[in-house]
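Colleague: I am new to this structure and would like a close look at one part of it. Please take the sheet and its surroundings, with the charged pairs, and explain each term as you go.

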Amino acid sequence: HVGGTVYYSETTNVPGESGWSTSPITRTKVGRTVVYAYVVADGNHINSEVVSAEIVISKAELTITTQDATMKYKAEAPEYRYEVSGLQGSDTEAVINETGINWTIGDGIDVTKAEVGTYGIAVSGLEAENYDFRYVNTGKLRCEFCRHEFDPKKVDGLETDISELKG
């Protein structure tokens with residue numbers, strides 16, 4: 001029977017060397033670490049042998065879902081957006097690195113030259129230290145005509161009154 005104070009270390013497996021602590025080892029970053037532990041006995045027990053365990057923290061999965069967007073025909077591209085689900089603990093979207101972000105519309109079209117219609121929106125290239133990404137590219141871009149009301153009598157160069165055309 002062993003009783004006493006538990007000591008933990010990530011740096012040594014030799015009791016008495018520096019690097020031991022009574023605080024349990026906690027990890028929040030992805031990776032592997034070996035933790036050593038032993039018990040320094042109280043007056044009624046003997047010291048334990050050093051034991052070890054490998055702790056493995058794998059990346060969690062973030063799901064990135066593209067959102068719908070609308071633009072006017074031959075206009076500038078809209079701002080594309082995505083929704084995030086799967087963040088762990090107190091993590092926020094700030095953990096996502098967008099440096100390599102890549103938006104693809106349709107089969108790679110230049111949206112400023114897109115015909116009126118609906119095109120798929122796909123995103124890729126996001127990174128985060130503790131996450132893998134699953135992309136759900138279900139967002140759609142609607143490119144639509146501009147609808148303007150106009151008075152034909154006020155158009156430069158139009159000399160015929162529209163009422164004359166109703167014959």
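Modeller: A salt bridge here is a side-chain nitrogen of Lys or Arg within 4 Å of a carboxyl oxygen of Asp or Glu. The model is predicted, with local features needing pLDDT of at least 70 and side-chain atom pairs pLDDT 80 or more, while totals for chains, interfaces and linings use all residues. Residues are numbered from 1 along each chain as its sequence is written, and side-chain values use heavy atoms, with hydrogens and water left out.

By the salt-bridge rule, the count is 8. One of them joins the side chains of E54 and R32, at 3.3 Å from N to O. This pair connects distant parts of the chain, 22 residues apart: E54 belongs to strand β3 (residues 51-57) and R32 to strand β2 (residues 31-41). Strands (E, at least two residues) and helices (H or I, at least four) are DSSP runs numbered from the N terminus. R32 counts as exposed because its relative accessible area is 62%; exposed means over 50%, buried under 20%, and partly exposed in between, with a 1.4 Å probe and protein chains only.

Now the sheet. Four strands form an open sheet in the order β5-β10-β8-β7, with mixed pairing. At its edges are β5 (69-72) and β7 (102-105), each of which pairs on one side only. Neighbouring strands in this sheet are turned by 25° against each other on average, direction ignored; the axes are lines fitted to C-alpha atoms, for helices over the stretch in contact, and angles run from 0 to 180 degrees between N-to-C directions. Two strands pair if DSSP finds at least two bridges between them. Strands β5 and β10 (residues 140-144) run parallel and are joined by 4 bridges. Within that pairing, T70 stands opposite R142 of β10.

E144 and K72 form a salt bridge whose closest N and O atoms are 2.9 Å apart. E144 lies in β10 and K72 in β5, so this pair ties together parts that are 72 residues apart in sequence. K72 is partly exposed, because its relative accessibility is 37%. Salt bridges with shared partners join K72, R142 and E144 into one network.

The chain then continues into the loop between β5 and β6 (82-85), where K74 is placed. K74 is not a glycine, yet its phi is positive, near 65°. Its relative accessibility is 44%, so K74 counts as partly exposed. Y80 lies in the loop between β5 and β6 as well, but Y80 counts as buried at 16% relative accessibility. Setting aside neighbours within four places in sequence, Y80 is in contact with A69, W103, I105, V111, I121 and L141; contact means heavy atoms within 4.5 Å. The C-alpha atoms of Y80 and G139 are separated by 9.4 Å, although these residues are 59 residues apart along the chain. R81 forms a salt bridge with E79, with 3.7 Å between the closest N and O atoms. E79 is exposed, at 58% relative accessible area.

Another strand, β4 (residues 60-66), contains T63. T63 is buried, because its relative accessibility is 11%. Beyond neighbours within four places in sequence, T63 is in contact with E83, V84, S85, R134 and V136. The side chains of T63 and R134 are joined by a polar contact of 3.4 Å. A polar contact is a pair of N or O atoms within 3.5 Å; within protein, one must be able to donate a hydrogen and the other to accept it, and residues adjacent in sequence count only if both atoms are side-chain atoms.
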